Amino acid sequence: MARATRLPQLELSLLLLVLLLGTAHEVHSLEGKKALSLRSLLWDQMISSRNCFSQKSIQKDGVTILEIVHQDHCSGKTVNWNQKLQKRLILDNARVQMLQHRINANSNNIKEDVAKTQFPLTSGVHLRTLNYIVTMELGGRNLSVILDTGSDLTWVQCQPCRVCYNQQDPLFNPSASPSYKSILCNSSTCQSLEYATGNLGVCGTSTPICNYFVSYGDGSYTRGELGVEHLNLGATPVDNFVFGCGRNNKGLFGGASGLMGLGRSSLSMVSQTSNLFGGVFSYCLPSAEVAGSGSLAFGGDFSVYKNSTPISYTAMIPNPQLPTFYFLNLTGISVGGAAIQSLSFGKAGILVDSGTVISRLPPSMYRALKEEFLMKFTGYPPAPGFSILDTCFNLSAYQEVEIPTIDMHFDGDAHLKVDVNGIFYFAKTDASQVCLALASLTYEDEIGIIGNYQQKNQRVVYDTMGSKLGFAGETCSFR
């Protein structure tokens, strides 16, 4: 039985579980386990007073580094944390269904009207972004955008806007920028939209301007025209940057101005800046969703990183049907130092996605992981499952718990050692419902996904020119 220290009953209502927020914990390692000490804080004190415009940048040794914050960092006071934490999984499941549908459709060469391919959200759930935000300067304006490795086209909401969701920043006005230019529909850039977004660029009804449409499958979408503008990533200028000027937008974007596409097509941020940064970028996602910050780095001088372990690389797996996604060969998983067994290892690539929250595994793989985890995490009272998470505990009476480690193994002896903050998901803030933060796919032949929850406190390096991806432990902090 794992060692645990109980809290006095009167302090339980004040417990802030920093596996979720990550700002108030101390971790020490035991063999095959990590012990987490929890401190008590009031949830109603977790107010985001910081403006997203205050995000900073650094330029050093040819590398441009932008500060990353979680969307909650910029959304103001959260009245009901329990409700917010629960909604995240519902929205996350919608994204995973979209990704699986796109993978299945592309693999079977199915051409569909993506505008009609939508997965309904549970009634009453308001669309909120689940992702991390950086600030870029477009046409002289600072704009906060979601970073997404599962998308290619970078876009922002533009004036005049026919249908726009509420955002924190003022809308970008292309008519007020002397450097903005529209892209014509007969251009090669317009034709590249199909490869980047799955949809053809089309001509406007009154002008020959290239119009785009991107649907994210869960009811969210962006529609507008392609344009060219001057971009600054920190102090690094990017001329003639192609982006989407969204005039009709709805959905999972919260208060952000738009989205930064970090996929592999010619329209992605990575490809458009490859002459500056060599097609290399990396990020470190902070464990603290409100008070913490991480970094998004463009460029290949790894001396500027703050990783505490060496970077271990594995080859990206090419996928002709889905060439803009990042796939790896998952060869094994260890729980508490013990390797689990599954016939699914090495049979299909696993997708690394910064937009999905909870990692998904094939059913046989998840069952083996769950069984091994329960063998090593004993003596704690169970709690009901929540949404997609079926392995839950009531930890409200504990100040410290010892958690079995989870390590993912890839080709080339690369490994991702999941940080202690990425192992448990807290459905309730008093820790009365704490769940193993991994979930099972429905079918064995579906593609597994490594979500951002398991990427916390990791330096994840994407070398698109070298077609490899690396992992290293790092306590994420911009400073």
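The points below treat the basis of the note, then the sheet, then the residue.

1. This is a predicted model, in which local features need pLDDT of at least 70 and side-chain atom pairs count only at pLDDT 80 or more, while totals for chains, interfaces and linings use all residues. Residues are numbered from 1 along each chain as its sequence is written, and side-chain values use heavy atoms, without hydrogens and water.

2. An open sheet is formed by four strands in the order β21-β20-β27-β28, with antiparallel pairing. Because β21 (338-339) and β28 (414-417) are at the edges with a single partner strand each, one side of each has no neighbour in the sheet. Strands (E, at least two residues) and helices (H or I, at least four) are DSSP runs numbered from the N terminus; two strands pair if DSSP finds at least two bridges between them.

3. Five bridges link β20 (residues 330-335) to β27 (residues 406-410) in the antiparallel sense. Within this pairing, isoleucine 333 stands opposite methionine 408 in β27.

4. Glutamine 454 lies in the loop between β32 (449-450) and β33 (458-463). Glutamine 454 is buried, at a relative accessible area of 1%; buried means under 20%, exposed over 50% and partly exposed in between, using a 1.4 Å probe and protein chains only.
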